[in-house]
Amino acid sequence: MENGSPAGFLVEMVEEAVRRSGYSADIYIVPWIRALALVRSGDADAIFHAYHTEERKKFLRYTDTSLLQEKVVAIRRKGDDVYFDLNFSGAEKYIAGVGRDYSYGEKVDQALKEKKFKRIEVASDFDLNVQKLLYGRIDFFFADYYPVLKILNDKHLLDEVEPVLSTETGLPLVYSKSESYLAFSRKTKSEVFIKVNSALKQMKVDGTFKQIMLRYVQ
């Protein structure tokens with residue numbers, strides 16, 4: 001949020017695609033579980049940024065062009081020896097934090113489904129997961145790499161938490177990579193979806209996507 005309004009490169013991308021389609025966008029930031037409920041009921045026209053899941057396809061139509069490739073990392077307290085490899089070996093020792101109704105990509109979602117962790121704690125929002133981590137109620141939580149770094153930086157928490165790092169490279173371990181999308185409620189008029197979908201494709205071809213990204217990511 002900047003000056004009371006949603007901001008960021010994804011917001012700009014969506015606003016531009018909607019503008020090119022002849023519409024205007026009213027964008028609101030709400031808890032993810034509420035956002036899903038709004039597009040399911042048709043009270044919101046679209047949602048972003050969303051992974052493909054079989055359950056969501058029942059009530060969402062995904063654009064052909066992705067907005068972003070998400071990289072899912074595990075966030076631990078700084079200095080903790082919490083570590084498990086990309087195949088989740090060693091994860092059975094730790095309590096995992098996740099967001100309610102979040103998808104973290106096929107690989108992580110499958111590990112959660114198979115209960116490869118000591119216990120899984122579900123939180124309604126990001127801040128609650130951070131609090132649980134700092135108070136020692138969970139050992140780590142899963143999160144999208146770029147957004148979580150921005151949020152933690154804004155909250156001045158980068159000295160207190162860190163991603164689980166590779167023992168070989170010292171870089172954050174990325175447990176899952178997935179494309180994320182602007183997705184429309186199946187109750188939204190098909191004409192709107194078709195126009196915005198086409199505009200997003202055009203933005204990728206003419207370089208608009210790259211221009212917007214470069215204003216935020218160097």
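What radius of gyration would a compact globule with 218 residues have, and what value does the protein have? A compact globule with 218 residues would have a radius of gyration near 17 Å, and the protein has 18 Å, which agrees. Here the radius of gyration is taken over C-alpha atoms, and the globule rule is 2.2 Å times the number of residues to the power 0.38.

The structure is a predicted model, in which local features need pLDDT of at least 70 and side-chain atom pairs count only at pLDDT 80 or more, while totals for chains, interfaces and linings use all residues. Residues are numbered from 1 along each chain as its sequence is written, and side-chain values use heavy atoms, with hydrogens and water left out.

## Overall build

The protein has seven helices and eight strands, where helices (H or I, at least four residues) and strands (E, at least two) are DSSP runs numbered from the N terminus. Taken along the principal axes, the box filled by the C-alpha atoms of the protein is roughly 50 × 35 × 30 Å. Of the 218 residues, 45% are buried; buried means under 20% relative accessible area, exposed means over 50%, and partly exposed lies in between, with a 1.4 Å probe and protein chains only. A contact means heavy atoms within 4.5 Å, and among the contacts in the protein with a separation of 6 or more, 73% come from residues 24 or more positions apart.

## Salt bridges

Side chains of opposite charge can pair when their charged atoms come close. A salt bridge is a side-chain nitrogen of Lys or Arg within 4 Å of a carboxyl oxygen of Asp or Glu, and the structure holds 16 salt bridges. Three of them are listed here.

| Pair | N to O distance |
|---|---|
| Arg76 and Glu162 | 3.0 Å |
| Arg119 and Glu121 | 3.2 Å |
| Lys150 and Asp154 | 2.6 Å |

The side chains of Arg76 and Glu162 meet in a salt bridge. Arg76 lies in strand S3 (residues 68-77) and Glu162 in strand S7 (residues 161-163), so the pair ties together parts that are 86 residues apart in sequence. Both Arg76 and Glu162 are buried.

In the pair of Arg119 and Glu121, Arg119 is partly exposed, with a relative accessible area of 38%, whereas Glu121 counts as buried at 18% relative accessibility.

Lys150 and Asp154 are four residues apart in helix H5 (residues 145-154), and about one helical turn separates them. Asp154 is partly exposed, its relative accessible area being 46%. Elsewhere, salt bridges that share partners join Glu16, Arg19, Arg20 and Asp206 into one network.

## Where helix H1 meets helix H6

Two packed helices are described by the angle between their axes and the distance between the axes. For helix H1 (residues 9-20) and helix H6 (residues 190-206), the axes come within 8 Å and cross at roughly 115 degrees. The axes are lines fitted to C-alpha atoms, for helices over the stretch in contact, and angles run from 0 to 180 degrees between N-to-C directions. The crossing of H1 past H6 is right-handed; a crossing is left-handed if the near helix is turned anticlockwise from the far one by less than a right angle, and right-handed if clockwise.

On the H1 side, the residues in contact are Met13, Glu16, Ala17, Val18 and Arg20, and they meet Val196, Ala199, Leu200, Gln202, Met203 and Asp206 in H6. These residues divide into seven nonpolar, one polar and three charged, where Ala, Val, Leu, Ile, Met, Phe, Trp, Tyr, Cys and Pro count as nonpolar, Asp, Glu, Lys and Arg as charged, and the others, Gly among them, as polar.

## Backbone details and the surroundings of Ala50

The peptide bond from Phe48 to His49 is cis, with omega near 0 degrees, and His49 is found in strand S1 (residues 46-50).

Ala50 is also found in strand S1, and Ala50 is buried, with a relative accessible area of 0%. Leaving aside residues up to four places away in sequence, Ala50 touches Trp32, Arg56, Tyr62, Glu179, Ser180 and Tyr181. The C-alpha atoms of Ala50 and Trp32 are separated by 9.9 Å, and the two residues are 18 residues apart along the chain.

Phe88, a residue other than glycine, has a positive phi near 70 degrees. Phe88 sits in the loop between S3 and strand S4 (95-99), and at 6% relative accessibility Phe88 counts as buried. Asp101 is not a glycine either, and its phi is positive at about 65 degrees. Asp101 lies in the loop between S4 and helix H3 (106-113), and at 43% relative accessibility Asp101 counts as partly exposed.
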